[in-house]
Amino acid sequence: MERPPSGMKNRDLKGFGPFQVELADHLNYNTSLRLATLWEYPRSFIGSLKSENADVGLMMVDKMVERGDITSDDISTLTNALRQCKLDGVATEVEKIFRDNTSQTDLTKPETNIQRRDEEKAMIQWEEHGNALSTLLQATEDLGRKLELPTPTGSRTDTLAERHRERKEVEQELLHLRSSSLEAIDTAEAFIHENSTYLSAQQHSETRRRIRELRKQLEDLTDQLLKLRAATPPQVEAVQPIDLNCVTIEATDSKEKHQSIIDQLKEASDRGSPIRMLILDTTFKTIHENGNITLSSGVLLPFISTLAVLAVWTEKERVLCEAEFSGLLKYGSESTRIQEYTFQQCDLPSLTGTSSREVLKELQERGAKVKWCDTGHCLSTSAGSWETGTIDWVREACGAGVVMYKHWRKETLHLQIKMLEFATEKEIPVRILRLNRCYRSVTPDGSKLILQSGQTLSALASVKRINIETEDGRKIQEVEFSRLLMYADQSQSIEELSLRDSYRAVDAMTGSIILESGVMLPRLSSLCELTINAEGRELTERDVDGLLKYSSQFSKLKSDIFHFPEMGPAAPPMFVMLSHAT
C-alpha cells in the first residue's frame, strides 16, 4: 500500500482502505515495535522497522492485514493488544477511526451474538441446577424427619418387626436419594466448570453453597441410619441372599450381617456350590490360631472349600507382617478351587521365612496367582519375592491410580517406582500419582522427586495427575514450587498438579499471585485452569481485580474459578493444571 499524496486525502472516502491509511498515521515506531514484539512477528520484519527510510505505520498495517490481525469487519485483536500494551488512548482513537470509515457501531467479534445466546442459556441452566439442588435439599430434610421416629422398646415382636420394615423402607429411599443427589452434584459441578466465564462470583458461591449443604445432609442421614441399624434387634433382621459370583463383607455392616453372610457361604460350600470371589472390604483383622480369619466385628470366617478368588482390601496404609500374609494365603489354599489372591491398600512383605515355604509350595502346585494392586507386581511362588506383573496387570494398576505412603517399607516403594518406570517405558497412562506424606523435596533441576525414604522418582512421561500431600501440612516454598512445576511439565500427559496452599494477595508491582506460604506464583505459559482457595479470607475488590488481571496474561486459560470466603477452610486445595501446546 502506498500513502496518497498530500491533498488527495478525501474525508468523504469511506471503507477499509481509507481506514488503513488513517491507522498508519497513528502507528509510530514505538507503538509498532510493541505490537510486533507482542505478536512475535519475525525478527527480519522487526529489523526492517528500524530502517531509516521505513514508513513504519504502513509496514505495520500491511503486516496486520496479511496475518489477519485486522479485517474489514473486526479490529478487536488490534485494540485488545493496544490496551494490553497500556495504550488505551490509541486503542480508543483507532476504534473511532474504524467507526467513521466503516459505519460500524458494534466493534465486538462476530461471535458476540453466539456468546450472548450461550450466556442466556447458561443463566437458564444455572436456575435449573439451583432448583434441582433445592428440591433434593428439601427431600433430605423430609427423610431426616422420618429417621427421627422414636425407637420402640420392650419385647413386642410385631412392633419391632414394623420398625424394621420402616427402617428398610427409609434405607431404600436414602439409597435412591443419595444416588440422585450425587448425580445432581456432579452435573452441577461440571456445569460450573464449563460455564465459569458466564457466571458471577455470587452465582458460583451460591451453587457451591447448596452443593455443600446437600453433601452435609447426606452425611447426617447416613449417620442417623447407622444409629438406627444399631438400635434394631438382630432377631428381626431379614436374611439377604448372597450372590455367589461376588460376595463382599464390609466393615460398615453389623456383626449379625457378617454372621448371616458367613452362614450362607458355609452352606453353599458344604453343598459344593462354586463361589467365584470373596472380598474382605477393610474387615480383615487377624489370623486366628486355628487358621480361620478373624473379622473386624470379631466373627470368625471359617474355611470355604469352593472359593476361587480371595480379595483382601485393608485399611489405608496398613502394613501386613509375614505371618499375616502367609496366613491369608494358607487360608485360601484350603479351598480346592482357589485360583487367585488380590491385595489392595496394604504393604506386603516377601515370603522368605522357613514357615512360608509350605504355603509357596502349595501355591505353586495349584498354579494360583497372588496379585498386589498397589505395585502392579505378582508373587513369585518359587522364590517368595515380588516380580513385575503382565503388561495388562500393570495397565490396570496404573489406571486405578498409584498411592505411595510414608510408612510403607522401602522395598514396597521401590516396587512402586519400578512399576511407574515400566509404565513410562511402555507408554501406559498413569491416571493419578498420590504422594501421601512420603514426599521430601525435588532436585534443583526438577528432574526427580526425593522421598522421605531417600529414594528418588524420575519424571514420568505418562502420568496425568500428581497430588502431593506434604508431611504435617508443610508449605511448599517458592524455589521448591518452581522446581515442582518443572518436574510436572516434563510429563507429556500432565493435566493437573495439586499442592496444598492458599491465596494471600496479589503483588502490586508485578501482578503475580502471592500464596500463604510466601510463594509468588510465576507466569505459567501452559496454564489452562487456575483455582484459588481463599480459606476464609475476605477478598477485596482489589484482590478480585488483581486475580483477573493475572489470569488475563495467559492465552490458554479457559476459566478462572475463585473459591470465596463463605466456602470456609474446608474448601479444596489450590490446583495448578498444566497442559502442553498441541
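Leu379 has Trp386 of β10 as its bridge partner. Three bridges join strand β9 (residues 377–379) to β10, and the two run antiparallel. Strands here are DSSP runs of E with at least two residues, helices are runs of H or I with at least four, and both are numbered from the N terminus. Two strands pair if DSSP finds at least two bridges between them. This is a predicted model, in which local features need pLDDT of at least 70 and side-chain atom pairs count only at pLDDT 80 or more, while totals for chains, interfaces and linings use all residues. Residues are numbered from 1 along each chain as its sequence is written, and side-chain values use heavy atoms, with hydrogens and water left out.

The β9–β10 pair belongs to an open sheet of seven strands, ordered β1-β2-β6-β7-β8-β9-β10, with mixed pairing. β1 (247–250) and β10 (386–388) stand at the edges with a single partner strand each, so one side of each has no neighbour in the sheet. On average, neighbouring strands of this sheet are turned by 20° against each other, direction ignored. Axes are lines fitted to C-alpha atoms, for helices over the stretch in contact, and angles between N-to-C directions run from 0 to 180 degrees.

Two helices come next. Helix α11 (residues 322–333) lies across β6 (307–319), β7 (340–347), β8 (369–372), β9 and β10. The direction of α11 runs at about 155° to β7. Contact means heavy atoms within 4.5 Å. Helix α1 (residues 16–26) has buried residues, including Phe16, Phe19, Val21 and Leu23. Buried means under 20% relative accessible area, exposed means over 50%, and partly exposed is in between (1.4 Å probe, protein chains only). The cover over the buried residues of α1 includes α4 (56–67), α5 (76–84) and α6 (88–102).

Leaving out residues up to four places away in sequence, Leu301 touches Ile249, Ile262, Leu265 and Tyr331, among others. In soluble globular proteins, nonpolar side chains tend to be buried together.

Now the charges. Side chains of opposite charge can pair when their charged atoms come close. A salt bridge here is a side-chain nitrogen of Lys or Arg within 4 Å of a carboxyl oxygen of Asp or Glu. By this rule the count is 17. Take Arg409 and Asp347, whose side chains meet at 3.1 Å, N to O. Arg409 lies in the loop between β11 (402–405) and α14 (410–425) and Asp347 in strand β7, so the pair ties together parts 62 residues apart in sequence. Arg409 is partly exposed, at 25% relative accessible area. Asp347 is buried, at 0%.

Arg318 forms a salt bridge with Glu315, with the closest N and O atoms 3.6 Å apart. Here Arg318 is buried at 15% relative accessibility, whereas Glu315 is partly exposed at 37%. Arg67 and Asp69 also meet in a salt bridge, at 3.8 Å, N to O. Arg67 is partly exposed at 40%, and Asp69 is buried at 11%. Elsewhere, Glu206, Arg209, Arg210 and Glu213 are linked in a network of salt bridges.

Turn to the hairpins. β3 (residues 284–287) and β4 (residues 293–295) pair antiparallel over three bridges. Five residues separate these strands, and Gly291 in the turn has a positive phi of about 95°. Strand β13 (residues 439–442) joins β14 through three bridges, also antiparallel. Gly446 in that hairpin takes a positive phi near 70°. β14 and β15 form a hairpin with four residues between them, and Gly454 in the turn has a positive phi of about 95°. Strand β14 (residues 448–451) has a covered face, Leu449 and Leu451, and an uncovered one, Lys448 and Ile450.

Last, the cysteines. A search of the whole structure finds zero disulfides (cysteine sulfur pairs within 2.5 Å). Cys398 is buried at 0% relative accessibility, and Cys438 is buried at 1%.
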